[in-house]
Amino acid sequence: MHRLAVFVIILLAAAPLAAQSQPPQTLPEVRGLEEAPPPPPTHDITQVDPAPLGGAIAIPLTERDRKKLKKYEIPELADCRQAIGSQRIDGRLPKPLVDYSMSTSAVYQRLSIFEGGLVVVESRGAGGPIRKKVIIPADALAIYLRTISTTALATVHSGELSKPRDTRGALLRVYDSKMNFVERQFDPMATMPKTLSDQVVLMQDLMRAIYLDRGLTNSVAGYMPKAGDQLVGDDKKIYQVTRVVSGKIVELRCLSNPTTIYVDVKDLYNYFIGTPGAASR
């Protein structure tokens, strides 16, 4: 029994050494994690939005806005995706969730959030009109809807608010699941109750981030050009693609003056807004 016990102990001690001597095994799933991510989706000219008449890509950022933007934590656009093509859900238009608009004597701005995370913004004023859309991820949408809701807005009494003036006004409207809505109109420059201010600040920051973006919110991003396609530049002029060199460099000719420019395919969204449409009139 004593000799058998010694033999068993020797076997147990040797087992870890035997395991260490085995060659390491490569796991397929680990190897897969090292693979490069798939390239971003691309589209042709039919998926590029018409440019608004006299439109612009983005608005410049003032120092005051830059400081204000850093003050609040907002969902970034990094996890958003382009709103390319039809945004119908089960064949119908997406239902509205939140609608915010603000106007002064110089500018009109509006931001609307729809189910599915679709966000549409519009601005009219100095610098030309801007129209953009993007799809925010579900977790970002949930962040907004936790603060902006019919329940929260209903706690804000109209008597607490300064009424809109002739030269400026704002409206926040929030829908519930049955398409009933609560709305409040107010002077955007006046002091607001905290509950309303929290909701308005979120909308203003999201609007500002989208206005300043020159990538995801521009349907020219991801566009693969072909000879004959026409694009509206940020300079308000219309350009026609004459050729694509080696699938990388795009040659474009201005239709209103004898100018030819060359742009890298991946940089087109920095210089062009969309297709002619209204801009051709």
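Analyst: What follows is a set of questions about terms, with each answer set against its definition. The model is predicted, so local features need pLDDT of at least 70, side-chain atom pairs count only at pLDDT 80 or more, and totals for chains, interfaces and linings use all residues. Residues are numbered from 1 along each chain as its sequence is written, and side-chain values use heavy atoms, with hydrogens and water left out.

User: How many helices and strands are there in the protein chain, and what makes a stretch count as one?

Analyst: The protein chain has six helices and twelve strands. Both are DSSP runs numbered from the N terminus, where a helix is H or I with at least four residues and a strand is E with at least two.

User: Why is proline 50 called exposed?

Analyst: Exposed means over 50% relative accessible area, buried means under 20%, and partly exposed lies in between (1.4 Å probe, protein chains only). Proline 50 has a relative accessible area of 54%, so proline 50 counts as exposed. Its place is in the loop between helix 2 (28-33) and helix 3 (63-71).

User: Which residues is proline 50 in contact with?

Analyst: Contact means heavy atoms within 4.5 Å, and, leaving aside its neighbours within four places in sequence, proline 50 is in contact with Thr275 and Gly277. The C-alpha atoms of proline 50 and arginine 131 are separated by 9.8 Å, and these two residues are 81 residues apart along the chain. For the protein chain, among contacts between residues at least 6 apart in sequence, 60% join residues at least 24 apart.

User: What makes strand 2 largely enclosed, and which strands does strand 2 pair with?

Analyst: Six of the eight residues of strand 2 (residues 96-103) are buried, so strand 2 is largely enclosed by the rest of the structure. Two strands pair if DSSP finds at least two bridges between them. Strand 2 is joined by seven bridges to strand 3 (residues 108-114), and these two run antiparallel; one of the bridges sets serine 101 against arginine 110. The two strands form a hairpin with four residues between them. Strand 2 also pairs in the antiparallel sense with strand 6 (residues 169-175) over six bridges, and there serine 103 has glycine 169 as its bridge partner.

User: Why do strand 11 and strand 12 stand at the edges of their sheet?

Analyst: The sheet is open, has five strands in the order 11-10-9-8-12, and pairs in the antiparallel sense. Strand 11 (260-264) and strand 12 (272-274) each have a single partner strand, so one side of each is left without a neighbour in the sheet. Within this sheet, strand 8 (residues 230-233) and strand 9 (residues 238-245) pair over three bridges, and glutamine 230 stands opposite glutamine 240.

User: Why is the pair of tyrosine 239 and phenylalanine 272 called edge-to-face?

Analyst: Rings of Phe, Tyr and Trp (its six-membered ring) pair if their centres lie within 6.5 Å, and planes under 30 degrees apart count as stacked, over 60 as edge-to-face and the rest as tilted. By this rule the count comes to two aromatic pairs. The rings of tyrosine 239 and phenylalanine 272 have centres 5.6 Å apart and planes at 85°, so this pair is edge-to-face. Tyrosine 239 lies in strand 9 and phenylalanine 272 in strand 12, so the pair ties together parts that are 33 residues apart in sequence. Both residues are buried.
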